[in-house]
Amino acid sequence: MSDTSTGIARSAMLATLRNVAGLSQQDAADLLDTSVQQLRRWESGAKTPPAGVLADMQDVVDDIDSFADLEAQDYLNDLPDGDVGPVVLLRYRDEDDRALAQDSDVDHHPDQLGADRGFDLPIVSQAIATWRAAQHLEKAGHTVSIIWFDAREYTQWRDGRPDTMTTRWQWGRLAYARSSR
């Protein structure tokens, strides 16, 4: 393959990975620590993106897949026998809501909170991962609902309870039940 063909292939791959991750060019440029103009040159084929850039963007896509798989597996492992209610997945509304959820006075451990597994996904990528988790769960025969994670409401409801995955699931089920009335 010629250098030009390699550059075009890398350009198309970069744009494809960015799209799969649900990122705008600005979001991707921020993640890649480059300018939007440079990203546009890479994606258009005017410049060949460095291999490291493709690897970094692939890591974001892999994180989305890992998040979705872990989220779905946690629910499948922890659902009580005979539970007929919907599986409620929580989604952050925006960066401010996620920051509130993560700035709790509780010590967060990567294995403790499915929504905070150390994946620093942009909100739009987290939405894609949540959707993929919902698809996994639906294929396993569960009814799934995705609701907004309201950090202020959750913190007030929690009232001293530990901030764990189970606590968030309990809150999610209650919030879903209230919204379904």
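Start with how the chain folds back on itself: of the contacts between residues at least 6 apart in sequence, 73% join residues at least 24 apart, a contact being heavy atoms within 4.5 Å. Keep in mind that this is a predicted model, where local features need pLDDT of at least 70, side-chain atom pairs count only at pLDDT 80 or more, and totals for chains, interfaces and linings use all residues. Residues are numbered from 1 along each chain as its sequence is written, and side-chain values use heavy atoms, with hydrogens and water left out.

The protein has eight helices and two strands, in the order α-α-α-α-β-α-α-β-α-α. These are DSSP runs numbered from the N terminus (helices H or I, at least four residues; strands E, at least two). Of the 181 residues, 40% are buried, meaning under 20% relative accessible area with a 1.4 Å probe, protein chains only.

Now look at the strands. E1 (residues 87–92) has five of its six residues buried. E1 pairs with E2 (residues 144–149) in the parallel sense over six bridges; pairing takes at least two DSSP bridges.

Next, the aromatics. There are five aromatic pairs, with ring centres within 6.5 Å (six-membered ring for Trp); planes under 30 degrees apart are stacked, over 60 edge-to-face and the rest tilted. Phe 149 and Tyr 154 are a tilted pair because their centres are 5.1 Å apart and their planes at 50 degrees. Phe 149 is buried at 2% relative accessibility, and Tyr 154 is buried at 3%.

Definitions and conventions
Buried < 20%, exposed > 50% of the residue type's maximum accessible area, 1.4 Å probe, protein only.
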